Amino acid sequence: MGWDMPPDGYDDGTPNRWPDNRGSRAPGGWGTPPQPPRDAAMLPSRPGPNHAGGPFQPPSPNGPPPGQRGPGDQGGGNGDFRPRPPRRTMAELARHAARSLSQRFSDFMAAARAPQFDARPPYPNAQPSQFDAQMPPPSGANAFGVAGIDQGSSFGPPPAFTPNYPPQAGTTKPKGPQAFRRSRTRLIAQKWRQSRMPRNPLVYAATVVFLVTLAVSMAGGGGFGAYYAVSYYQLHTPDIQALANLKNQTNSVIYDRNGTTIAVLKGNSEFNFYVPLSQISPKVQWATLDIENRSFYQDIGIDFFATLRAATVDAQKGSASQGASTITQQLVKNIVLKDSTKALTRKLNEAILAYGITQQYTKAQILEMYLNTVYYNGLYKGIEAAARYYFHLSPGVVNGQYLMANQQMDWAQAAMMAAVINNPTIYHPDQYSCSKAPCQQSQWDDPFQPGHTCDTNYYIPDFAYSWYSVHGHEWLAYCRSRAVLDDVLQYQGTGIHMTQADHDQAVRELQDMLVNQKIYTIDTYSKSTDSGSALDLAPHFVDYVVQELANEWGVSALETAGLKIYTTLDLNLNNYIQQRLKYYIRSNYQNPWYGNGACGGLDCPLSTTSNANDGAGVAIDQHNGDILAMVGSVDYSDDSAKVRGKVNVADSPRSMGSAFKPLIYSAAFQMGWTPGTMLHDVPICFPDDGGHSDQTPAKSCGPHYVPTNYDANFFNGTYPIRYMLGNSLNIAATETMAFAGYGNYGQMTYDWLQRLGVTAIKSPNDLTVTTALGTAEIPLLQLTGAYSVFADGGVRQPPRAILRVEDASGNVVYQAPQQPKGAQVMSPQAAYMMTSILTDNKARAQDFGYTQNPIHFEAARGEPAGIALAAKTGTSSGPTGPKDILTVGYSPFVTFGAWIGNANGADMASDIIGVAGAGYIYHDVMMWMYQHYHWPDVAQFPIPQDMARGYFNCDTGLAPYQGSPAGGISCTPNPPSYAIACKPWCSKILYKLDNGFPKTQPDLDWYIQGQEPQVS
């Protein structure tokens, strides 16, 4: 059993392989046939039981030299026959093997003390990853201002190791826990060899069987060991090959349009962000290697001598109590076997696969896979996730260079992450002794026996899980992290250089992080506003994106798809809308429009005064369809009946009230009506449409439907559409619905709504005369999208949420066009007619006030009055009050809709209307976008070609009578006699200009040239 394995790796990056006299392996074997070293002189001198010094000589392909026994030979090689010795008992065999193993281990430890073995040879120049060769390198900033996020991968180990041992004169090297463990193990081995410890033949025998089988298997020997090893490896060949796809098994990440992370799609599993080795900090690499597997670049995936050391301790205790896994074995255990037990059979299987993995992958690839898959906590898988969540670091530009989160960690942070790996349950550092910072070191819960702080194996005797779960872990994390720093200081590495001052500073920082609790928990991270926060930012929009990927693209299992999804969302705008919803619904707020100052000079919350508890908002760039914001509730985490925060109201059908009217009026404009067309606000009957009226002016309608205005007692007479729509009169809207068509005659109207993107209405038969009043339930997103058609001159750009999708290797699998080609679903002239009404503050002054309303910019308030704002309010009716209030509108740049109500449809207070609450939010959001998007102070909607203004007949809405002077026609309010006789007044003068009440107003409005109104 006394044989040596050659080191793995040469200056040219070619991994060393054992010479093999069996030729090429059969398909399904252990991969590429082993290759002999190019030059035996290149191998380092390695003393051992069979080598007194000089270059290491690997076994000859033709067997051992004459007179020497080969591993596993019962007879001599090349005619050197020796008789078989008499068979020994199991106990004798076990004792003999135990002495041999102990002697071999002691010899190794003696040799390991020699300085030349603490200085590792230079590492080979790394070869590119075989499964990452096609990945393009980072190439500057992308279209969203993000440069090089996981764009490239170049496998390679940390820079070549430079020894720094023995210490220079005048310096002191700290003696960490590792040194203590080695001396203790040697003592155990010596006692065992000297028969000072009780023997357990069964444990000895099991240990021998394990080691003999392992040795035979790894050496390629024959017999059952080799058969078992090859068979077991072939059984797991698919798992070994699947390691190459680990980078494609990570969490998908969703970004906003500025490259800010808004969600990590982990489902109920762990957070995991795969990053290439070239983007993993050398500090992290060296700290991990020095504490976990110092011989990583020399071993063959197995550390035989660490295994022997563990076997001696396990034999002493009569159980498998100590691990000896290399990084490669840990990778096998975590990814392939998924077995955390310490059974000897598992160790054997783990060793077989670990050796095979070193034949399939380079050391750099193995280290990359390990650092991306090792657990730093039950939720944090891989170093990038640990850096983001433990320290709230985010990928970004630092000093002109784009760095991943882990690349921004300092020595103290890197040491702490390397420390956690050994046992995340014990060493995870975010469980504190004090409820809040600062928590001084004297207050830390101390699990060590008095006088043995930070000494290995001196935990209190009853230290168990019950202690872990209730006590702080500062001492444990601090001590293990110090051991990491001690190792790094002792062993160093090319590409890094730690001085004693650096070491001491890192130790002080360790203490500061723990005292001031700068290692964060998952809960604190999810509530942070840091750009890397990834749990519940814009959750309704994220749900929408995930659903779109599933429905439109058939993409599922995003939790492990490893996609990077860049979206249209502006998180800053989304956050502002969320904040304003909470401000008006849940706080005392400033109301410069209709305020009463009932709560200490401020208005009381809408939830208190109006029973309005929920809200939503959607913003769309009408020029390309980008969804800039989507807030689906006032609070995603509020599950109360009136909020139901996880329900996305922005994408759920609701009654839109009068905000639906422009969709019907636009159909009439497309059919030839103009804003100057006269309609009659008088009682009207709609036969066969249900309902009943007991109003005095409409009793003759009998059982037929009689529409009323917001105030059922008001009838205002004949006015142009401009004023009917501006003041949101219902009777005129039902007249327009009758003109456009509904029910059996509703196909044209149905087609029109489909063209505007309103797909929630499924059939023409779903249209009734009241549809114009908003009784058909549609999502706010669809209504806002329809308004965006008016805003963009009749061009429909379907709302979109996704700009680009990359796979785990950075390959672009989808790229949205920078300027999509929309469909001209409405004439520019008809669209402008609608815009001219919705931007006319004078036309709505009767109901909303001229200067004191929130749906326009007013110069007297210091607002950019030169920016045109189009807006329409909506209020749906319930038994005792409104169910929904809305304000939807647009500027020349963005379309925005706001909704206020209750998630369960409960009625609000009877006195609240759409301009209140929703109108306030509309105003504030438009003002925010003016400031943050740097809109010009003057911005008007362009007037399309072929538009003209002319005078209309005040009775018919057609051209003036023949011979009438063009400018001498004035329309006079003419409410019906029963409205005039009503006490109090039951009619309004809609011609309200500049806070005045003119008795006359000419009907001067837009029409399309070539379609002039007919002469009356």
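The model is predicted. It comprises 1016 residues, of which 55% count as buried, and its fold contains 30 helices and 22 strands. The count of disulfides comes to six.

**Overall structure**
- Of the contacts between residues at least 6 apart in sequence, 72% join residues at least 24 apart.
- The protein exposes about 42100 Å², and carbon and sulfur atoms supply 52% of that area.

**Disulfide pattern**
- A disulfide is a covalent bond between the sulfur atoms of two cysteines.
- With bonded cysteines counted along the chain, the pairing runs 1-2, 3-4, 5-6, 7-8, 9-10, 11-12.

**Cys434 and Cys439**
- The sulfur atoms of Cys434 and Cys439 are 2.0 Å apart and form a disulfide.
- This disulfide is right-handed because the torsion about its S-S bond is about 55°.
- Cys434 is buried at a relative accessible area of 17%, and Cys439 is buried at 0%.

**Cys454 and Cys479**
- Cys454 and Cys479 form a disulfide with their sulfur atoms 1.9 Å apart.
- A torsion of about -80° about the S-S bond makes this disulfide left-handed.
- Cys454 lies in the loop between α14 and α15 and Cys479 in helix α16, so the pair ties together parts that are 25 residues apart in sequence.
- Cys454 is partly exposed, with 23% relative accessibility, whereas Cys479 is buried, with 9%.

**Cys954 and Cys971**
- A disulfide joins Cys954 to Cys971, with an S to S distance of 1.8 Å.
- The link is left-handed, with -80° about the S-S bond.
- Both Cys954 and Cys971 are buried.

Key:
Residues numbered from 1 in each chain as written. Predicted model: local features only at pLDDT ≥ 70, side-chain atom pairs only at ≥ 80, totals over all residues. Heavy atoms only, no water. Helix = DSSP H or I, 4+ residues; strand = E, 2+ residues; numbered from the N terminus. Buried < 20%, exposed > 50% of the residue type's maximum accessible area, 1.4 Å probe, protein only. Contact = heavy atoms within 4.5 Å. Areas by Shrake-Rupley, 256 points an atom, 1.4 Å probe, with all protein chains shown as cover. Disulfide = S-S within 2.5 Å.
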